[in-house]
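Please walk through this model with the explanation below.

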Amino acid sequence: MLVLSRKKGESIIIDDQIEVTILSIDGDTIKLGIAAPKNIDIHRKEIYEAIQLSNQSAAVGSEFLKDWLNEKSTEQK
């Protein structure tokens, strides 16, 4: 992990495409501004993890459905 120190109003650039700027600092809370191309998804970590879990659940559900449909198809033959 790269650790950088930045002050309010300062930025970092990632891969020539993403700029992360420190907008404000209030106690333990830091507000970040992120400028990135529209094709790059940006999520808070807890939201990203929830999306991943939802996708995994949907994939498991679709596998279950596919197996069930295959069983029904086999039974009808």
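**A sheet, then a helix**

E2 and strand E3 (residues 29-35) pair in the antiparallel sense over seven bridges. This is a predicted model. The hairpin of E2 and E3 has two residues between the strands. In that hairpin, Gly27 takes a positive phi near 65°.

Now turn to the other neighbour of E2. Strand E1 covers residues 11-14, and strand E2 covers residues 18-26. The two run antiparallel and are joined by four bridges. Their hairpin has three residues between the strands. Here Asp15 is the residue with a positive phi, near 55°.

As background, strands of a sheet pair through backbone hydrogen bonds, either parallel or antiparallel.

Step back to the whole chain. The protein chain holds one helix and three strands. From the N terminus on, the elements run β-β-β-α. The helix, H1, spans residues 45-76. How many of the 77 residues count as buried? The share is 6%.

Look at Thr21, which sits in strand E2. Ser11 stands opposite this residue. The side chains of the pair also meet: Thr21 makes a polar contact with Ser11 at 2.7 Å. Is Thr21 buried or exposed? Thr21 is buried, because its relative accessible area is 17% and the cut-off for buried is under 20%.

**A nonpolar patch on the surface**

Next, follow the nonpolar side chains. Ile25, Ile30, Leu32, Ile34 and Ile42 form a nonpolar patch on the surface. Together they have about 450 Å² of accessible area. Which strand gives the most to this patch? E3 does, with three residues. In a regular strand the side chains alternate between the two faces of the sheet.

Take them in sequence order.

Arg6 forms a salt bridge with Glu10. Their closest N and O atoms are 3.6 Å apart. How exposed are the two partners? Arg6 counts as partly exposed, because its relative accessibility is 38%. Glu10 is also partly exposed, at 28% relative accessibility.

Arg44 forms a salt bridge with Glu46. The closest N and O atoms of this pair are 2.7 Å apart. Arg44 is exposed, because its relative accessible area is 54% and exposed means over 50%. Glu46 has 46% relative accessibility, so Glu46 counts as partly exposed.

The remaining pair is Glu49 with Lys45, whose closest N and O atoms are 4.0 Å apart. What separates Glu49 and Lys45 along helix H1? They are four residues apart in the helix, which means a separation of about one helical turn. Glu49 counts as partly exposed, at 44% relative accessibility. Lys45 is exposed, with a relative accessible area of 59%.

Definitions and conventions:
Residues numbered from 1 in each chain as written. Predicted model: local features only at pLDDT ≥ 70, side-chain atom pairs only at ≥ 80, totals over all residues. Heavy atoms only, no water. Pairing = 2+ DSSP bridges. Patch = residues over 30% accessible without salt bridge, like charges linked within 9 Å, V, L, I, M, F, W, Y side chains within 5 Å. Areas by Shrake-Rupley, 256 points an atom, 1.4 Å probe, with all protein chains shown as cover. Buried < 20%, exposed > 50% of the residue type's maximum accessible area, 1.4 Å probe, protein only. Polar contact = N/O pair within 3.5 Å; in protein donor to acceptor, adjacent residues only side chain to side chain.
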